[in-house]
Amino acid sequence: LLAPVLLFLGSSHAMATVILAEDFESPLPPAGWTRTQEVPSVGWEFGTDLGSAFFPIPAHTRYAASNDDANDDNTTNKNNASADRLITPVLNLSSFGGNAIRLTFAYVQSGDYGSVGTVEVSLNGGAFAQIAQVPSTAQWSTQSVSLDAYAGQSNVRVAFRHNDGGGWADGFAIDDVQIRTVPALDAAMEGVGGPAYIATGFNPVFARISNQEIG
């Protein structure tokens, strides 16, 4: 007697805690976020159409961008976007000691004309230190950065920095920023192997299970 094999494919996800989420759709700048820049840089701006001829930004609802091409010229270097920072509110991570914490965000940073986009962290009001540089992309892409080293800290700020190298360059745009805990083990069944029909009774099956933890 042959019987069809009925299998339930699913996943068992542990709960993640969202610590910060910002999509820049609300009145801007967002509450608690700050902007710093060198004089006379324009710094970070917010809107739906912040691109320019040499730094085109594909549509992505409302977002944040530091556009050196739109605000500079290559003869007087009037913008000096070498230290344009968009900084999160203070993050209290003291209750997340031992947790995996991930920063994810969408971004465009083509790098065609010398701009560099980085992620920095400051502790206890101190100086910012770089922890990641984003890969160049002319299309909206998603980046994940580990903040595991700061779990348990009570005064953490994350900054998105655009650096034009002190001359005319392009820019750095971001959207959909999220900081959250990530389960160390987050198993999901991806597939099961075996024949469509088997004899009744106990029969072996083969399953593929993966850990969905990112970053």
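A residue is called buried when its relative accessible area is under 20%, and this cut-off is the one needed for the first view of this predicted model.

**View 1. Phe160 in its strand, within a predicted model.** Phe160 belongs to strand β11, which covers residues 156-163. Because its relative accessibility is 0%, and buried means under 20%, Phe160 counts as buried.

**View 2. The residues in contact with Phe160.** Once neighbours within four places in sequence are set aside, the contacts of Phe160 include the aromatic residues Trp33, Trp44, Phe105 and Phe172, and also among them are Leu86, Leu103, Val119, Ile174 and Val177. Asp84, Arg85 and Thr118 are in contact with Phe160 as well. Between Asp84 and Phe160 there are 76 residues of separation in sequence, while their C-alpha atoms lie 8.1 Å apart in space.

**View 3. The largest nonpolar core.** This core has 29 residues, and Phe160 is listed with Leu103, Phe105 and Ile174 as having the most contacts inside it. Two or more residues of the core come from each of β7 (100-109), β8 (116-123), β11 and β12 (171-182). Apart from this core lies another one, of nine residues, which include Tyr63, Ala65, Val108 and Ala173. In soluble globular proteins, nonpolar side chains tend to be buried together.

**View 4. Confidence along the chain, with residues 5-12.** The protein chain has an average pLDDT of 85, and 76% of the residues score at least 70. Over residues 5-12, however, the pLDDT is below 50, although this stretch has 13 contacts in the model beyond near neighbours in sequence. Where pLDDT is low, the predicted coordinates should not be read in detail.

Technical notes: Residues are numbered from 1 along each chain as its sequence is written. This is a predicted model: local features need pLDDT of at least 70, side-chain atom pairs count only at pLDDT 80 or more; totals for chains, interfaces and linings use all residues. Side-chain values use heavy atoms; hydrogens and water are left out. Helices (H or I, at least four residues) and strands (E, at least two) are DSSP runs, numbered from the N terminus. Buried means under 20% relative accessible area, exposed over 50%, partly exposed in between (1.4 Å probe, protein chains only). Contact means heavy atoms within 4.5 Å. A nonpolar core is a set of buried Ala, Val, Leu, Ile, Met, Phe, Trp, Tyr and Cys residues joined through side-chain atoms within 4.5 Å. pLDDT is the predictor's confidence in each residue, from 0 to 100.
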